[in-house]
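Keep the viewer open and try each task before you read its solution.

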Amino acid sequence: MSALFSDKNRQALLGPLSANNPVLVQILGICSALAVTSQLKPAFVMGLSVTVVCAFANVILSLLRNTIPNRIRIIVQLVVVAALVIIVDQVLKAFVYDVSKQLSVYVGLIITNCIIMGRIEAFALANKPWPSLLDGIGNGLGYGMILVIVAFVRELLGAGTLFGFKVFPQAFYDWGYMNNGLMLMAPMPLILIGLIVWYHRAKNPDMIENN
Amino acid sequence: MGNYFGIIVEGIFTQNMIFAYFLGMCSFLAISKNVKTSFGLGVAVVFVLLITTPVNYLLNEYVLKEGALSWCMGEAAATIDLSFLSLILFIAVIAAIVQLVEMIVEKFSPALYNQLGIFLPLIAVNCAVMGASLFMQQRDWVNIGEVACYGLGSGLGWMFAIVGMAAIREKIKYSDVPAPLRGIGITFIITGLMAISFICFSGISL
């Protein structure tokens, strides 16, 4: 068991949560991170789907890594990822149809989510299946974490709800409190992620860029 | 004619890929460091969108949609619905066309190839390209001309956004940005501010 969770493997699993976060540090997978975060529920489902796809894609391609000719590897990767995404898409349609409707094209866009392609290229093609699985789960969770944080702020301030339940009592609104509609529109997640990056780098000064 | 023009303008302003749907964000953030390369990538994206969206439209119309196969199999095909295969087929078509475009450009216009060369393979995994095909599937365009206009419009909108962003980033090098915000942080916030200005187009209908 100790070999399964050696330092290197623990790093593969836990690194992406903060020090090597896919959204904040590697700047991967931004598109969907922004689009699905107006409510907590779709953000949560999206984070989970990406974790599943990323983990399985990493394992499969790590198993195949010595048999794929280098020239056609992108196509092979895309086919494996697309097959996994179709499975996820069908499962979502079967069990959480309303969320799947809300996510609309963004489920399909998991295929072109750079987190998955990026981790396959950077990690799975050079490592054994077990560390690749941990790396996939870690990156998926790191991504899901940012999604949930952004969605929490947007849903709370934009609609006054969390997971669809009202948080602020009616009395607040009677006193003149208003939901901030701008939170639900396109620009706010960009600015929120900008602020999260700011906080994250202020805490980790070694990541500051010099330009 | 006016309809086609309307679709293009809609793609550039009201339904801008970056500011309204966040598609193609990764390369938008990574490449937008100087105007020249951004322009090169923008042209490549317009080019690929202009080809892949109509091709995927034909694929959707004649193979994937419910009953779409009846043009070759008659009544028997009226209940066949292959749309669950659309993800894998669209991405395969996009990857193949990108490869093809790369080879054609290399053969006939080496100068353009040298400019676009490194970006072309990246475009296969650009979500703007895949996104345009998936949006195309959801909307009811009447004919292939409208779909081509939609591809062109969204490509131009994307190019417009990345070139604008690159111009701002070239200038911001000379400003005193707080240290932790430098680089990617301030880029996110600027993109957010640009997106706010694009909301003002959202009332326009053509």
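The exercises below use a predicted model, and each one is followed by a worked solution.

**Exercise 1. Describe the fold of chain B**

Task: Find how many helices and strands chain B has, and the box that its C-alpha atoms fill.

Solution: 
- Begin with the elements: chain B has eleven helices and zero strands.
- Next, follow the chain along its sequence; the pattern reads α-α-α-α-α-α-α-α-α-α-α.
- Finish with the dimensions: along the principal axes, the C-alpha atoms of chain B occupy a box of roughly 70 × 45 × 35 Å.

**Exercise 2. A helix pair in chain B**

Task: Work out how helix 4 of chain B is oriented relative to helix 6 of chain B.

Solution: 
- Locate the two helices: helix 4 of chain B covers residues 35–64, and helix 6 of chain B covers residues 86–108.
- Take the geometry: their axes lie 10 Å apart, at an angle of about 140°.
- Classify the angle: roughly antiparallel would need an angle over 145 degrees, so helix 4 of chain B is oblique to helix 6 of chain B.
- Look at who touches whom: the contact includes Phe47(B), Ile51(B) and Asn56(B) from helix 4 of chain B, and Phe90(B), Ile94(B) and Ile97(B) from helix 6 of chain B.
- Sort the residues in this contact of helix 4 with helix 6 of chain B by class: 14 are nonpolar, four are polar and none is charged.

**Exercise 3. A helix pair in chain A**

Task: Repeat the analysis for helix 8 and helix 10 of chain A, and find which residues make the contact.

Solution: 
- Helix 8 of chain A runs over residues 129–159 and helix 10 of chain A over residues 187–203.
- Their axes come within 10 Å and cross at roughly 120°.
- Helix 8 and helix 10 of chain A are therefore oblique to each other, and the crossing is right-handed.
- Helix 8 of chain A contributes Ile146(A), Ile149(A), Val150(A), Val153(A) and Arg154(A), while helix 10 of chain A supplies Pro189(A), Leu192(A), Ile193(A) and Ile196(A).
- By class, this contact of helix 8 with helix 10 of chain A has eight nonpolar residues, no polar ones and one charged residue.

**Exercise 4. The interface of the two chains**

Task: Find how many residues of chain A and chain B are in contact, and how much area the chains bury.

Solution: 
- Count the partners: 41 residues of chain A are in contact with 38 residues of chain B.
- Turn to area: chain A and chain B bury about 3500 Å² between them, with 83% of it on carbon and sulfur atoms.
- Check for salt bridges: there are zero between chain A and chain B.

Methods
Residues numbered from 1 in each chain as written. Chains lettered and ligands numbered in written order. Predicted model: local features only at pLDDT ≥ 70, side-chain atom pairs only at ≥ 80, totals over all residues. Heavy atoms only, no water. Axes fitted to C-alpha atoms, helices over the stretch in contact; angles between N-to-C directions. Helix = DSSP H or I, 4+ residues; strand = E, 2+ residues; numbered from the N terminus. Parallel < 35°, antiparallel > 145°, perpendicular 65-115°, else oblique. Left-handed = near helix turned anticlockwise from the far one by under 90°. Contact = heavy atoms within 4.5 Å. Nonpolar A, V, L, I, M, F, W, Y, C, P; charged D, E, K, R; others polar. Buried area = accessible area lost by both parts, 1.4 Å probe. Salt bridge = Lys/Arg side-chain N within 4 Å of Asp/Glu carboxyl O.
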